[in-house]
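Please read each point with the structure in view.

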Amino acid sequence: MPMDINYQTRDMELTESIRDYFDKRINSLEKLFEDPRAFVIAQKEPPAQKNGAGLYHIHLEVRDGAASYAADHAGEDRSEEH
């Protein structure tokens, strides 16, 4: 049974392909836990300069009983590059 994953987005749309990507990556962690629940917050910020790339921030929290594990990632938005 796949892990229970809750998504929250800010200033971006959670497309099916993004959700599939997260689901695949997060569900691979399931074997490390007994009763995990995952929480994902994905946020996109606009470019600081006219031709610059925007930034995205991802926060992942996995709760397993009383234990809680978190990870954060930030990087450039490359979705519009060719």
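This is a predicted model: local features need pLDDT of at least 70, side-chain atom pairs count only at pLDDT 80 or more; totals for chains, interfaces and linings use all residues.

**Notes on the fold and selected residues**

1. Strands E3 and E4 form a hairpin with 2 residues between them, and Gly 65 in the turn has a positive phi of about 65°. Strands here are DSSP runs of type E with at least two residues, while helices are runs of H or I with at least four, both numbered from the N terminus. E3 and E4 run antiparallel and are joined by 10 bridges; two strands count as paired if DSSP finds at least two bridges between them. Within this pairing, His 59 has Asp 72 in E4 as its bridge partner.

2. Residues are numbered from 1 along each chain as its sequence is written, and side-chain values use heavy atoms, leaving out hydrogens and water.

3. Which strands make up the sheet, and in what order? The open sheet has 4 strands in the order E1-E2-E3-E4, with mixed pairing. E1 and E4 (67-76) are the edge strands, each pairing on one side only. On average, neighbouring strands of the sheet are turned by 15° against each other, direction ignored; such angles are taken between N-to-C directions, from 0 to 180 degrees, using lines fitted to C-alpha atoms (for helices, over the stretch in contact).

4. The parallel part of the sheet is the pairing of E1 (residues 4-10) with E2 (residues 36-45), over 7 bridges. The chain passes from E1 through helix H1 (residues 16-27) to E2, and this β-α-β crossover is left-handed. A crossover would be right-handed if, with the strands pointing away from the viewer, the path from the first strand over the helix to the second ran clockwise. In E2, Ala 38 is the bridge partner of Ile 5, and Gln 43 is that of Arg 10.

5. E2 is also joined to E3 (residues 55-64), by 10 bridges in the antiparallel sense.

6. H1 lies across E1, E2 and E3, and runs at about 140° to E1. The largest nonpolar core has 12 residues in all, including Ile 5, Phe 22, Ala 38 and Ile 58. Such a core is a set of buried Ala, Val, Leu, Ile, Met, Phe, Trp, Tyr and Cys residues joined through side-chain atoms within 4.5 Å. E1, H1, E2 and E3 are the elements that give two or more residues to this core.

7. Glu 45, in strand E2, is partly exposed, with a relative accessible area of 31%. The side chains of Glu 45 and His 57 are joined by a polar contact of 3.0 Å.

Key: Contact means heavy atoms within 4.5 Å. Buried means under 20% relative accessible area, exposed over 50%, partly exposed in between (1.4 Å probe, protein chains only). A polar contact is a pair of N or O atoms within 3.5 Å; within protein, one must be able to donate a hydrogen and the other to accept it, and residues adjacent in sequence count only if both atoms are side-chain atoms.
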